[in-house]
Amino acid sequence: MRFAPFAVLAVVCAVLGGLAALGLGQLTGWTGSSSTTTVFRAAPVTPTATAATAAVAPNAKPLAGNGFSSAAIYANRAPGVVTIVSAFGSDPESATQAQGSGFVVSPQGYILTNSHVITDAGSGAVAKPADKVFVEFQDHDRAEAKIVGWDVFDDVGLIKVDPSAHALVPVPLGNSAAAVVGEPVAAIGSPFGNEDSLGVGVVSATHRSIDSLTSDFKLVDAIQTDAPINHGNSGGPLFDARGRVIGINAQIRSQSGQAEGVGFAVPINSARRSMQQLIASGSVSYAYVGVETTDLTPAFARKFGYPVSHGAVVTGVVQGSPADRAGLREPTEHGQALGIEFPKNGDVIVAIDGRKVLGSEDIARIVTNLSPGQVTHFAVERGQSRLDLPLRLGERSETH
């Protein structure tokens with residue numbers, strides 16, 4: 001992977017290969033130091049996608065016991081972890097290759113990984129898939145895979161191999177929402193091309209909102225870990241103590257470009273939703289709002305006279321977006337407080353369809369379960385008035 005020059009602190013993908021550097025940081029200015037983009041996520045699982053859930057149900061069961069044994073996790077789960085080689089270019093002599101990791105999730109041959117392992121997501125306006133994808137198993141045998149689809153917003157990729165091509169050892173998926181800070185975890189993958197490598201650590205933080213490497217939007221609820229995540233680990237599993245996947249290793253934050261104890265994994269709950277939609281239709285559908293917000297806290301509420309102490313203060317509205325059409329407004333005045341600039345008279349989103357909004361990331365989580373075209377109701381505090389604004393959700397695309 002050729003990387004652009006690092007800033008003082010760079011966020012990099014953990015994939016190894018010959019692709020051009022992925023875009024880093026805040027590409028379009030839709031998110032600032034004090035705001036969080038609140039345009040996210042796929043439509044709820046359809047009946048067809050629900051049927052797809054059964055298609056990827058693995059036979060593996062959680063490991064027995066209450067302790068953490070990295071040796072047991074490796075012995076039982078490493079056979080289900082694969083190395084993925086993606087070739088870009090139709091001419092074998094001039095094609096570039098990218099290498100990452102993945103893991104088998106069903107006897108039918110489905111394999112989860114990152115979108116940036118199997119596409120050039122992040123290097124252009126619209127992601128393009130690799131021309132060829134190959135999977136290498138623990139015994140170094142290889143099989144060609146087909147790309148089922150990808151989700152650039154949560155950086156999830158799904159490929160499939162013919163189950164007759166090689167014996168498959170699926171791994172079980174866990175519940176990323178249950179992850180707690182301090183619990184031990186194990187990462188298995190192919191850092192720097194070293195297949196079947198094990199790294200161990202702990203969950204350093206949960207519910208992180210991080211810059212996406214494959215889109216202009218934040219990735220919410222990421223799991224932070226100090227388990228070593230290096231180039232080539234991208235797409236590999238992050239296991240809990242029972243040997244269940246709670247995340248897909250995706251990024252490192254580093255000054256040197258190497259692992260420095262700050263890695264991030266896509267939560268498996270988000271990846272599962274993406275996978276179900278990809279199996280059902282080959283694509284994912286995200287609801288689109290078109291608004292930027294910042295967290296309202298009691299200190300800022302007191303300073304600027306807001307009538308509520310928590311919520312998401314609107315800092316920007318995309319012209320022509322659903323938020324704009326619904327009547328959400330940008331602030332007209334700002335003030336300085338506690339070392340930052342803050343809106344003095346912004347709309348405060350306090351609920352969506354009756355669900356409380358205590359901060360910006362709550363909007364993303366709520367919109368996660370809504371569908372493009374759906375009419376939802378935003379409860380907004382504007383001055384001393386409470387407004388109920390109907391908002392018809394749009395559909396997110398890679399180009400806006």
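User: What does the count of aromatic pairs come to?

Analyst: This is a predicted model. Rings pair if their centres lie within 6.5 Å. By this rule the aromatic pairs come to a count of four.

User: Is the pair of Phe 304 and Phe 342 stacked, tilted or edge-to-face?

Analyst: The two ring centres are 5.9 Å apart. Phe 304 belongs to helix 5 and Phe 342 to strand 20, 38 residues apart, and the pair thus links distant parts of the chain. Planes under 30 degrees apart count as stacked; the planes of Phe 304 and Phe 342 are at 10°, so the pair is stacked.

User: Is Phe 342 buried or exposed?

Analyst: Buried means under 20% relative accessible area. The relative accessible area of Phe 342 is 1%, so Phe 342 is buried.

User: How many of the 14 residues of helix 4 are buried?

Analyst: Helix 4 covers residues 268-281 and reaches 20 Å from its first C-alpha to its last. Among its buried residues are Ile 268, Met 275 and Leu 278. Helix 4 is largely enclosed by the rest of the structure, because the number of its buried residues is ten.

User: Which residues make the nonpolar surface patch of about 220 Å²?

Analyst: One member, Leu 198, is in strand 11 and is partly exposed, with a relative accessible area of 38%. The patch is made by Leu 198 together with Phe 68 and Val 200.

Terms used. Residues numbered from 1 in each chain as written. Predicted model: local features only at pLDDT ≥ 70, side-chain atom pairs only at ≥ 80, totals over all residues. Heavy atoms only, no water. Patch = residues over 30% accessible without salt bridge, like charges linked within 9 Å, V, L, I, M, F, W, Y side chains within 5 Å. Areas by Shrake-Rupley, 256 points an atom, 1.4 Å probe, with all protein chains shown as cover. Salt bridge = Lys/Arg side-chain N within 4 Å of Asp/Glu carboxyl O. Helix = DSSP H or I, 4+ residues; strand = E, 2+ residues; numbered from the N terminus. Buried < 20%, exposed > 50% of the residue type's maximum accessible area, 1.4 Å probe, protein only. Expected span 1.5 Å × (residues − 1). Phe/Tyr/Trp six-rings, centres within 6.5 Å; stacked < 30°, edge-to-face > 60°.
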